[in-house]
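This briefing covers selected features of the structure shown below.

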Protein chains: 2
Amino acid sequence: MSTLSDIAAQAGVSVSAVSRVLSKAPSSRVSEATRRRIEDVARELDYHPNFAARALKLSRTNVVALVVPDLTNAIFSELMRGVEEAAAELDYMVLLAREESVRPTAATIAKLVGEGRVDGILVQVGDDMTVDDLSGILDGAVPAVLINSRRDDHVGSVVLPDEEGAAVAVRHLVGLGHSAIGLVNGLPHTDSAIRRGIGFAAAMASAGLAINPVFITSLGYNPQQGRAAMQTLAALAERPTALVVANVNAALGLLAEARTLGIRVPDGLSIVAIHDTWTAENAWPPLTTVRMPLYELGKRSMTAIFDRIRAGATVDVVVDDPPPELVLRESTAPDRQIEPTNYE
Amino acid sequence: MSTLSDIAAQAGVSVSAVSRVLSKAPSSRVSEATRRRIEDVARELDYHPNFAARALKLSRTNVVALVVPDLTNAIFSELMRGVEEAAAELDYMVLLAREESVRPTAATIAKLVGEGRVDGILVQVGDDMTVDDLSGILDGAVPAVLINSRRDDHVGSVVLPDEEGAAVAVRHLVGLGHSAIGLVNGLPHTDSAIRRGIGFAAAMASAGLAINPVFITSLGYNPQQGRAAMQTLAALAERPTALVVANVNAALGLLAEARTLGIRVPDGLSIVAIHDTWTAENAWPPLTTVRMPLYELGKRSMTAIFDRIRAGATVDVVVDDPPPELVLRESTAPDRQIEPTNYE
DNA sequence: AAGCCTTGATCAAACGATTGAGCATCGATT
DNA sequence: AATCGATGCTCAATCGTTTGATCAAGGCTT
């Protein structure tokens, strides 16, 4: 790996001259001749600025950490794409970190920032961790932006239009004639679950439908928890005819559990899940979902942390373009009570 | 963020003394008293060594890059866990990079190593990239280890027992009485597909079964390609009664396609997929799979790159402990031709 | 022709950590 | 009592970049 002084030696100039030319500083004041000579030598020696030296001098790494609960969750695919794309445009790199559980994560984050490895962090908290668990970190001097959750003392956040997402799902089911609609939600304390609950309630209200409290579960977003929700609902004397499942992974577990319980989807139960993934498309029946702007969530999050780092600006954004969109597949059907076939 | 000199000042000693104490060098030669004083001050000031400074001085970052084709693939979950766990033990950090397509990756890797951000790379190539595409990088001075693929000029590799994995699947199906067994494999040029193909053939041979070449497809590991394979096989006049699908994700797509084609699983077609994931468990019917030692693959890969970095040792390893294990679920059934029920 | 910009470069001091070499101090040896 | 070898610490150079300060050499003004 060649250094500035290698180039300087070979081009017969000083190190500073080389540095100024290659870092493209506008204050350069170099003759066109030497500029060209330096650039040629740099190319020839395949020069790349040493990351550590630059970071040390500038006390800035141009790296942000993205911490998510579970990297392999298909939901994060688009999110990460958005973050990385925006990062590339801003000349930043993304350091992916996953959050195994509360302690390791706090420790990992502390290490990342304490050792000066990153300029800022993007954190999406999972079920096992509340934003408060991170307060020690977020209160610190590290620029941070919360993805899809908020805190009172706003540290900066970018969230999805969760209310609208849930509302889109409800409206679809209402349009199919359902009235006994349930909600399989995330854990009660999580931010997105709260917003999805609100959107659900609002949409039900504006459709003139009553909410049956026993039709609402708040057990979590993962497949196991989806299965548990299905069991709970199946045990009911009177059951919902349709379900809004707040997360596609939970919906997959719920769907599998419905099969083992002998509940037919969509004939006996309509399901619409929030978030669209390839797994939804390949489920049986293929799941009707509400696609959320995850890519844009990622992009916006990255620009938000950038603004925070460079200008100290703190923003709280809702990503609403494009809006949540229904992806119609085969897990929803008209409610039998009002089906024309009933009258034949 | 406090520095060594902050501590030195507050403890009334020189920077070197602090450095020696905190880096726990055995050559330290410090009195117990000053050692304690320094440690106390360091704790009080919440000292963390500056990453950039250390990396610059030691020309070593203690970071390795892990590049995988698709981070959100559930298969990599265990792999990554293994890598990270081993890394933590060795005091290394893992920088996750994903491989979008050929060019960006080569560029990304070049950047990572060229700028000295990482000490080595762990690369798992995907379908879109052959190991040869990376030759420019692998030939270079960067320590690298290939995960689940090999090259003639061995640069170091750690692979799964793919032959045995495929064989376990075949033996299960043979045990159920199947003889018309097909293989839905990965792309022909990929290393793991070749090994799985060999294992399949060997197991068929030792069961005394003939392989019908038209029962073998090599379209790839993803769900779409699995669907395509199902279409191809469904179009056959004579069809296989059982399928070894070389990848769960392909199996999921294949399963969904089977449903739309009206092929019943497992009654009309038995399926066993390689790799066990939560998606297999939540499919319908739940997929019988062969669990491969992915966690151990990760651990072994990390120790291999470590040995490469520290000692220059190049190894080619097959991870065979624990061995591939059948996870019996509901996507396989006895072959009807020899079912006892036929003779009732 | 003396003084003064402008241009095009170089000097040198950081950034924070590591580490070989050097230097007191002190108890023990001859 | 002079010497020696530990012991316990400090000095200072170094890693590769960046950047304010400096400086030489012309070209302009007056």
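The notes that follow describe a predicted model. In this model, 32 residues of chain B are in contact with 32 residues of chain A. Chain A also holds an open sheet of 6 strands.

**Side of chain B that touches chain A**

- The elements of chain B that give two or more residues to this side are helix H4 (51-58), helix H5 (75-89), strand E2 (93-98), helix H11 (248-260) and helix H12 (278-281).
- H4(B) gives the most, with 5 residues.
- By residue class, this side of chain B divides into 19 nonpolar, 10 polar and 3 charged residues.

**Sheet of chain A**

- The strands of the open sheet in chain A follow the order E2-E1-E3-E4-E5-E11, and their pairing is parallel.
- Strand E2 (93-98) and strand E11 (316-318) of chain A are the edge strands, and each pairs on one side only.
- On average, neighbouring strands of this sheet are turned by 20° against each other, direction ignored.
- Strands of a sheet pair through backbone hydrogen bonds, in either a parallel or an antiparallel way.

**Pairing of E5 and E11 in chain A**

- Strand E5 (residues 157-159) of chain A pairs with E11(A) in the parallel sense, over 3 bridges.
- Opposite A:Val158 stands A:Val317, which lies in E11(A).

**Helix across the sheet strands**

- Helix H13 (residues 294-311) of chain A lies across strand E1 (63-68), strand E3 (120-123), strand E4 (144-147), E5 and E11 of chain A.
- H13 of chain A runs at about 160° to E4(A).

Notes: Residues numbered from 1 in each chain as written. Chains lettered and ligands numbered in written order. Predicted model: local features only at pLDDT ≥ 70, side-chain atom pairs only at ≥ 80, totals over all residues. Contact = placed C-beta atoms within 7 Å. Helix = DSSP H or I, 4+ residues; strand = E, 2+ residues; numbered from the N terminus. Nonpolar A, V, L, I, M, F, W, Y, C, P; charged D, E, K, R; others polar. Pairing = 2+ DSSP bridges. Axes fitted to C-alpha atoms, helices over the stretch in contact; angles between N-to-C directions.
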